[in-house]
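I opened the model to look up a few helices and loops. The notes below follow the order in which I went through them.

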Amino acid sequence: NMELYTAPRYSIKCGLMRKWLYSICFMLLVACMASCNDTTVRHQPNAADSCAILQPLFSLKPAAKEWEWKAVHPGEVHVPVKAYIAGHPPRANGQRQKLYTVKLGSFDSTGNSIYLKVTQYLAAFYQIEVDTLPTIALNTIKDMPSRQNDFGLQLNSLYILDSVLYPAKPADAFALIAFSLYDLYPDDKWNYVFGQATLNKGTGVWSMARLGDYSENAAGYKQVLYRTMKVAAHETGHMLGITHCVKYQCTMNGSNSLQESDGQPEWLCWECLAKVCWNRNITAARHLKSLYAFHLRYTQDADCIQHYGKALTLLNPK
């Protein structure tokens, strides 16, 4: 009798416990679903939403003059953030996470100082680990296409990208970009380029040949440093799959001359910044804080400090 008595009591308790557990699970599920649909849930906004807050800081790019890049290349179009992401651009992830830089040819001590500062700048700008490779001496490059002009020896940038840098990329390199004192040209139809980069091979090169005399005085040094940073950031942006910005005043604007380049800002527009933030999986604040600190320490450029300060204030109005 005792066995007949205890068995049903045990079954009743188990049944009640199951009902209690089911109720708890159901309530948790309902709460989870509600939180997912609740627009007030505390979560981090996506890169485009955060960067869109900065939109008041940026001016639309004016109509191009006949000698400017956009007028000469009218086929370039605006690429929205969603279209950029949908294009599956290259990203620094997996095994290939580093950005490498390398000097192409010999540098004096002042030129080397600029090179080192620019590598630090790229690390801040793209929030990426930057490493350097040993200098590539020109006499070690076989069959280098070149020519002479008013700036001396001029090197073929396409050959550098495809035949010199691409085979030299380390196994952990997302991209490799060369830094040269020699002038550059892509083919015989072009007079020169400040720099050039591939959109899918992770190679780039830029030159200081036309950026001024950094050894003349302190002002000359600062000017060359600033110009070089802009070219380096621009070409590295291309290696993240970012094409020329044709909508806003932006460091990703195309440039046909030093005059045009000088008239463009050092910073990214909000849409190009959103592309970088998505690509590098970083917040806009991280990018802005790093560059604000960089300019305070190295350039003391009033325009840059003011811009990044305003941008940080917009993101964090308190």
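Entry 1, a helix pair. The model is a predicted one. I began with helix H5 (residues 109-126) and helix H10 (residues 284-299), whose axes come within 8 Å and cross at roughly 155°. Angles over 145 degrees count as roughly antiparallel, and H5 and H10 are therefore roughly antiparallel to each other.

I then listed the residues where the two helices meet. From H5 I noted Lys117, Gln120, Tyr121, Ala124 and Phe125. On the H10 side they meet His287, Ser290, Leu291, Phe294, His295 and Tyr298.

I looked up asparagine 281, which lies in the loop between helix H9 (270-280) and H10. Its phi is near 55°, a positive value in a residue other than glycine. Is asparagine 281 buried or exposed? Its relative accessible area is 66%, and the cut-off for exposed is over 50%, so asparagine 281 is exposed.

Next I went to glutamine 300, in the loop between H10 and helix H11 (302-315). Glutamine 300 is not a glycine either, yet I read a positive phi of about 55° for it. With a relative accessible area of 46%, glutamine 300 is partly exposed.

I counted twelve residues in H6, which covers residues 157-168. From the first C-alpha of H6 to the last I have 15 Å, close to the 16 Å expected at 1.5 Å a residue.

Which residues of H6 are buried? I have Ser157, Ile160, Leu161, Val164 and Leu165. They cover an arc of only 135° around the axis, so they are on the same side of H6.

I found serine 257 in the loop between helix H7 (218-239) and helix H8 (258-262). Its relative accessibility is 16%; buried means under 20%, so serine 257 counts as buried. What is serine 257 in contact with, leaving aside its neighbours within four places in sequence? I noted Trp67, Tyr192 and Phe194.

Conventions. Residues numbered from 1 in each chain as written. Predicted model: local features only at pLDDT ≥ 70, side-chain atom pairs only at ≥ 80, totals over all residues. Heavy atoms only, no water. Helix = DSSP H or I, 4+ residues; strand = E, 2+ residues; numbered from the N terminus. Expected span 1.5 Å × (residues − 1). Buried < 20%, exposed > 50% of the residue type's maximum accessible area, 1.4 Å probe, protein only. Arc of directions from axis to C-beta. Axes fitted to C-alpha atoms, helices over the stretch in contact; angles between N-to-C directions. Parallel < 35°, antiparallel > 145°, perpendicular 65-115°, else oblique. Contact = heavy atoms within 4.5 Å.
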